[in-house]
Amino acid sequence: MPNEPVISVRGAAVLEVEPEVAVVWVTVMARDRDRRRAVEALADRTNRITAQIKGYGEAVEKLDSGRVSVRPEFKEGKPRERITGYVAQANLTATVANFDVLGDLVAGLADQDMVAVGGPDWQLRPTSPVHREARLAAAKDAIQRAREYAEAFGGTITGLIEAADTGLLAPQPEPGVFRAALAAPAAGGQAYDAAPEFDFEPAKQTVSAEIEARFTMTAPSFGE
C-alpha cells in the first residue's frame, strides 16, 4: 500500500473520423437439376465475378473467398423426399479503399444474374493510427482528471500506482485497470454502362478508448 493519498480516475476519449475502407459482401449462386452442372455453373460465374472485381485494380484493396455450399432442392407436397435440383453458392468479400469506384462496383455486381450484394460496411483498418490516438487521448484525460482532483484537495499528483489491460488483473480495489477499445463502428475496373450507379456517403466511424488508473498525490491541504 502506498503511504501517499490515492486518487482513482477514469479517462475516456471518443474520436469521430472518416472510414478508411468499405467492405462489400457478394454471394454468387447457380441452380441446375444436375449437381455437377450446378457446381460447374457456379465456378464459371464466380470466376467472372472475381475478374469483374479485380478489374478495379488497386481500388480494391483485398478480395477474399468465403464459404462454398451445394444443397439439394426438394419437391414440396410429396410424401417422400424427391430431389428436384441443386443450388450452389459461393461468397466473396471485397475490401474497397478507393470510394470513388464504390458506387460503380456495387451497381455492376447488382446487375449480374444470380448475384446478391450487401454493403458497404464502412470500417477502419485494424492497424489504423486512429486507435493509438484514441488510447493516448484517454490516458491524457485520466492524467488531467487526476491533476484536477489533486489540485482541488490542495496537492499535486506524484506517481502512477498501476495500469493494466482489461482482464489482466483480478478484480480488487487496489490496482487500476486499463481499458482500450479499438474501433466501434457507428453505424462498410470494368464498368457496365447499363447499370445504375450508387452515390454512397461514407459514414463517420466512432473510435473510443477508456482507461482506469490510480495515482498517488502529495498530502492534501484543506486550508481553513
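The side chain of E212 makes a polar contact with the side chain of R10, at 2.4 Å. E212 lies in strand β8, which covers residues 205–217. Its relative accessibility is 18%, so E212 counts as buried, the cut-off for buried being under 20%. The model is predicted; the mean pLDDT of the protein is 82.

**Confidence**

- In this protein, 81% of the residues reach a pLDDT of 70 or more.
- Over residues 166–193, pLDDT stays under 50. For that stretch the model has 71 contacts beyond four places in sequence.

**Helix α1**

- The 20 residues of α1 should span 28 Å at 1.5 Å a residue.
- At the start of α1, a side-chain oxygen of D34 comes to within 3.1 Å of the backbone nitrogen of R36.
- Buried residues in α1 are A38, L42, R45, T46, I49, T50, Q52 and I53. Viewed down the helix axis, the buried residues of α1 fall within an arc of 155 degrees, so they line one face of the helix.
- These buried residues pack against β2, β3 (60–74), β4, α2 and β5.
- Exposed residues R36, N47, A51 and K54 sit on the face of α1 turned away from its buried side.

**Nonpolar cores**

- In soluble globular proteins, nonpolar side chains tend to be buried together.
- The largest nonpolar core has 23 residues, and V26, I49, I53, L102 and L105 touch the most other members.
- Two or more residues of this core come from each of β2 (21–32), α1 (35–54), β4 (83–96), α2 (102–110) and β5 (115–123).
- Which residues is I49 in contact with, leaving aside its neighbours within four places in sequence? They are V26, V28, L92, L109, Q112 and V115.

**W122 in strand β5**

- W122 is found in strand β5. Is W122 buried or exposed? Its relative accessible area is 13%, so W122 is buried.
- W122 and P19 are 103 residues apart along the chain, yet their C-alpha atoms are separated by 5.8 Å.

Notes. Residues are numbered from 1 along each chain as its sequence is written. This is a predicted model: local features need pLDDT of at least 70, side-chain atom pairs count only at pLDDT 80 or more; totals for chains, interfaces and linings use all residues. Side-chain values use heavy atoms; hydrogens and water are left out. Helices (H or I, at least four residues) and strands (E, at least two) are DSSP runs, numbered from the N terminus. Buried means under 20% relative accessible area, exposed over 50%, partly exposed in between (1.4 Å probe, protein chains only). A polar contact is a pair of N or O atoms within 3.5 Å; within protein, one must be able to donate a hydrogen and the other to accept it, and residues adjacent in sequence count only if both atoms are side-chain atoms. A nonpolar core is a set of buried Ala, Val, Leu, Ile, Met, Phe, Trp, Tyr and Cys residues joined through side-chain atoms within 4.5 Å. Contact means heavy atoms within 4.5 Å. pLDDT is the predictor's confidence in each residue, from 0 to 100. The expected span of a helix is 1.5 Å times one less than its number of residues. The arc is that of the directions from the helix axis to the C-beta atoms.
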